[in-house]
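Morning, everyone. Please have the viewer open while I talk.

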Amino acid sequence: MNSLQDTIKLNNGVDMPRLGLGVFKVEDGQEVINSVKWALEHGYRSIDTAAAYKNEEGVGQALKDSGLNRDEIFVTSKLWNSDQGYEETLQAFEASLEKLGLEYLDLYLIHWPVEGKYKESWKAMEKLYHDGKIRAIGVSNFHPHHLDDLLKDAEVTPVINQVELHPKLAQQEVRDYCEKHDIVVEAWSPLMQGQILEEPVIQELAEKYNKTAAQIVIRWDLQIGIVTIPKSTKQHRIQENADVFDFELTDEEVVKITQLNENHRVGPDPDNFDF
Ligand SMILES: NC(=O)c1ccc[n+]([C@@H]2O[C@H](COP(=O)([O-])OP(=O)(O)OC[C@H]3O[C@@H](n4cnc5c(N)ncnc54)[C@H](OP(=O)(O)O)[C@@H]3O)[C@@H](O)[C@H]2O)c1
């Protein structure tokens, strides 16, 4: 891992950048346009949005303004819960694509495992994938039992499972399951929405490497082999979060961070959500 453009190979052969920008809770319009613009200028090549974030138009505008070729950028969006179902998924996908102003998506994820719906949604995702409208399809917030259920009937194995993952929620069980099934794990809220940054173990390492706490956590993500998408709306933090390729944690330090795990979530448990 040498640069922000380093990629990981997904199970269908598509290369995905290991580090990208998340835009959850970033306002559509100037705020998201600036965040994506600064990220792309700094060398980020992966942007993670969702229909539910209601900022796909701004993301699309920034992609267009960047002047980069479409195939230089990896764009992820997600199918929202109320849009699940076969026909609904096909329509929701078209709506996202139109808002983004794109002809295809690099990655489309089922945002949450909505009971009784996600298998139908997956069939539609498979169709879109076979039709060449999405380069790779995956899921988000799937526990191993959801994946077991999905894989029983799936023709296409998800390439990604995007889950809440940070040092207080190391997700070992999900990571082991996904490794066995050749599914890459991607961390959402990798910085625990800012709450991990005061943790003494992380701070000590930050001091040792003359890095910030955020950089230590992002480096840990990369060294445990997952994809990560920290969010910031501040130019200096967008740059800071990407400046993680000039140092390496030792194996012992990686373990020490992993041992901070308390199975503590800042977001909902995928077995118990009401939206
Ligand atoms: N699939 C899902 O269900 C799901 C759920 C949640 C999130 N996500 C995705 O994952 C992405 C990241 O998760 P997240 O946005 O929840 O949280 P996060 O990336 O863990 O943390 C973002 C928070 O940390 C702050 N921050 C960022 N960089 C910092 C730094 N270097 N120093 C200090 N503070 C810093 C940000 O503030 P500023 O913006 O003020 O810098 C923001 O408040 C999302 O944007 C979204 O794309 C997916």
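I will take the ligand, then the pockets.

First, the ground rules. This is a predicted model, so local features need pLDDT of at least 70 and side-chain atom pairs count only at pLDDT 80 or more, while totals for chains, interfaces and linings use all residues. Residues are numbered from 1 along each chain as its sequence is written, and side-chain values use heavy atoms, with hydrogens and water left out.

Now the ligand. Which residues come nearest? The classes: Ala, Val, Leu, Ile, Met, Phe, Trp, Tyr, Cys and Pro are nonpolar, Asp, Glu, Lys and Arg are charged, and the others, Gly among them, are polar.

Next, polar contacts, meaning pairs of N or O atoms within 3.5 Å. Asn141 has a polar side-chain atom 2.9 Å from a ligand oxygen. Gln162 places a polar side-chain atom 2.8 Å from a ligand nitrogen. Leu191 uses a backbone N or O atom, 2.8 Å from a ligand oxygen. The protein covers 89% of the 900 Å² of accessible area that the ligand has on its own (Shrake-Rupley, 1.4 Å probe).

Where does the ligand sit? In the largest pocket; sitting there means more than half of its atoms lie within 2 Å of the grid points. A pocket is an open set of points on a 1 Å grid over the protein atoms alone, where a 1.4 Å probe fits, with protein on both sides within 12 Å along at least five of seven lines; lining residues have an atom within 4 Å of a point.

That largest pocket holds about 760 Å³ of space. Of its 35 lining residues, Phe24, Ser189, Pro190, Gln193 and Lys231 are closest to the centre. Helix α9 gives the most to this lining, with 3 residues.

Last, the second largest pocket, with a volume of about 250 Å³. Of its 13 lining residues, Arg175, Glu179, Ile183, Ile224 and Gly225 are closest to the centre. α6 supplies the largest share of that lining, 5 residues. The lining divides into 7 nonpolar, 2 polar and 4 charged.

Conventions: A polar contact is a pair of N or O atoms within 3.5 Å; within protein, one must be able to donate a hydrogen and the other to accept it, and residues adjacent in sequence count only if both atoms are side-chain atoms. Grid points are joined across faces, edges and corners, and a volume is the space filled by probe spheres set on the points. Helices (H or I, at least four residues) and strands (E, at least two) are DSSP runs, numbered from the N terminus.
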